[in-house]
Amino acid sequence: MLRLPRFDLVEPRTVAEAVAARVAAGPDASYVAGGTDLWPNMKRRQQTPRTVIALSRIEALSRTSGTPERGVTIGAGVTLEAIARDPMIRAHYPAVAHAAEVVSTPTLRHMGTIGGNLLLDTRCNYYDQTEEWRRSIDYCMKKDGTICWVAPSSPRCWAVQSSDGVPVAVALGAEVTLAGPRGERRIAAAALYANDGMAYLTKQPDELLVSYHLPPVDGWRAVYVKLRRRGSFHFPVLGVAAWVRRAPDGTVKDARVVLGAVASHPQEIPEAAAALVGTALDAKAIAAAEDAAYRPAKPMDNTDYTLAWRKDMVKVHVQRALTAIAGDRP
Ligand SMILES: Cc1cc2nc3c(=O)[nH]c(=O)nc-3n(C[C@H](O)[C@H](O)[C@H](O)COP(=O)(O)OP(=O)(O)OC[C@H]3O[C@@H](n4cnc5c(N)ncnc54)[C@H](O)[C@@H]3O)c2cc1C
Ligand code: SF4
């Protein structure tokens, strides 16, 4: 049995108390929300904070407010299950609800929060292993070692962004509010991520994710399509989030295509979007977008399935996502 290491638990009641506790605890500390990622990582000694600041008693993090016309704000502590079942989110932000409902299993969705999902650690076959397993290969650069086993001559880590919610947040042009010792700031969700398997977030370690802001629903449509080995359980090996805004005559005015699980960050493919703008989102335009997405998608050999097949699947899943939007006229 894998056991948790010893740590001090702090249970603040407000965002300000949580940030103050995090600052007081210093660098050897971590926030925890549902704990579905952090607790297993601590059991495997991938993360070993001496102080853990639990967010589950902060009521302000578990509220949803707003309207589809004005935009909706979801507290970082709202569970994936609550998002997946929320009738308003299902009706007006189906891609957000769908990304939540395809995460893992019902048990984990009841505990796991949207905040934890948006800040999920990157994953790799050489890293998501027990401490004994990792010790047997002398660890790797992401934790306790010096080398990257995926690309031994590489100066960086290529662990994979593997959250279902992240590509959707970026495709929607959503925003997040972060609270830190110097106050709050609101940034584009896209600005939260960096293409580095170790430094995969741009937020400061002591900043707390307070809320997730969905944009007003004003004529755009978005879809999320996920590829994984077992439909009842697994992390994505590919996620495609597509967002399209069309003119009343059906012509595409603007688009975003974002790939998850192919890089250390959610990979936006502007070439695919450009292939759609000005078209009627017909089969020819969708085929051009598929081709455009195929070229820059460069999955690494550190998750499930073969590289070549995962790359081929980019075309298939971009096509599925855009075809779903094409059949769903505003
Ligand atoms: C078997 C298994 C299968 C899974 N499958 C999937 C899957 O298919 N898709 C998927 O996307 N995820 C999957 N997950 C990962 C995880 O369950 C979800 O991503 C979940 O939403 C994480 O939320 P949490 O609240 O449990 O995060 P936690 O574990 O509490 O936290 C995750 C990270 O975010 C930080 N954090 C959390 N909340 C905040 C906050 N408000 N402010 C600042 N930092 C914060 C924590 O410090 C930690 O670093 C799986 C996990 C397991 C164990
Ligand atoms: S990509 Fe390399 S450094 Fe990063 S977790 Fe995997 S083996 Fe370790």
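Helices here are DSSP runs of H or I with at least four residues, strands are runs of E with at least two, and both are numbered from the N terminus.

A word on ground rules. This is a predicted model: local features need pLDDT of at least 70, side-chain atom pairs count only at pLDDT 80 or more, and totals for chains, interfaces and linings use all residues. Residues are numbered from 1 along each chain as its sequence is written, chains are lettered from A and ligands numbered from 1 in the order in which they are written, and side-chain values use heavy atoms, with hydrogens and water left out.

Back to helix 9. How is it placed, enclosed or open? Eight of its eight residues are buried, so helix 9 is largely enclosed by the rest of the structure. Buried means under 20% relative accessible area, exposed means over 50%, and partly exposed is in between, with a 1.4 Å probe and protein chains only. The buried set is G165, V166, P167, V168, A169, V170, A171 and L172.

Now the packing. The largest nonpolar core has 40 residues, and I74, V96, L118, L172 and Y212 touch the most other members. Helix 9, residues 165–172, gives the most to this core, with six residues. By nonpolar core I mean a set of buried Ala, Val, Leu, Ile, Met, Phe, Trp, Tyr and Cys residues joined through side-chain atoms within 4.5 Å. There is a second, separate core of 31 residues; V223, L276, V318 and I325 are among them.

What does V96 touch, leaving aside neighbours within four places in sequence? The list is I83, I89, V168, L172, Y212 and L214. Contact means heavy atoms within 4.5 Å.

V96 sits in helix 5, residues 94–101, where A95, A97, A99 and A100 are buried as well. The cover over those buried residues includes helix 3, helix 4 (87–92), helix 6 (106–111), helix 9, strand 8 and strand 9 (220–227). P94 is in helix 5 too, but P94 is partly exposed, at 43% relative accessible area. From P94 to E131 is 37 residues in sequence and 39 Å in space, C-alpha to C-alpha.

Next, a charged residue. E81 belongs to helix 3, residues 80–85. Is E81 buried or exposed? Buried, with a relative accessible area of 10%. Its side chain makes a polar contact of 2.5 Å with that of R85. A polar contact is a pair of N or O atoms within 3.5 Å; within protein, one must be able to donate a hydrogen and the other to accept it, and residues adjacent in sequence count only if both atoms are side-chain atoms. Leaving aside neighbours within four places in sequence, E81 is in contact with R109 and H110.

On to the ligand. Of the 33 residues around ligand 1, Y31, A33, T36, T113 and D164 come nearest. The cut-off for that shell is a heavy atom within 4 Å. A backbone N or O atom of A33 is at 2.7 Å. A polar side-chain atom of T36 is at 2.6 Å. For N117, a polar side-chain atom is at 2.8 Å. Taken alone, ligand 1 exposes 970 Å², and the protein buries 91% of that. Those areas come from the Shrake-Rupley method with a 1.4 Å probe; for residues, only the protein chains shown count as cover. Strand 2 (29–32), helix 7 (114–118) and strand 8 (208–214) are the elements that give two or more residues to the shell.

Last stop, the loops. Y139 is not a glycine, yet its phi is positive, about 60°. Y139 lies in the loop between helix 8 (131–136) and helix 9, and is buried at 13% relative accessible area. D144 is in the loop between helix 8 and helix 9, and its phi is positive as well, near 75°.

Y126 is in the loop between helix 7 and helix 8. At 29% relative accessibility, Y126 counts as partly exposed. Not counting residues up to four places away in sequence, Y126 touches W133, R134, I137, C140, W149 and V150.

That's the tour. Questions, please.
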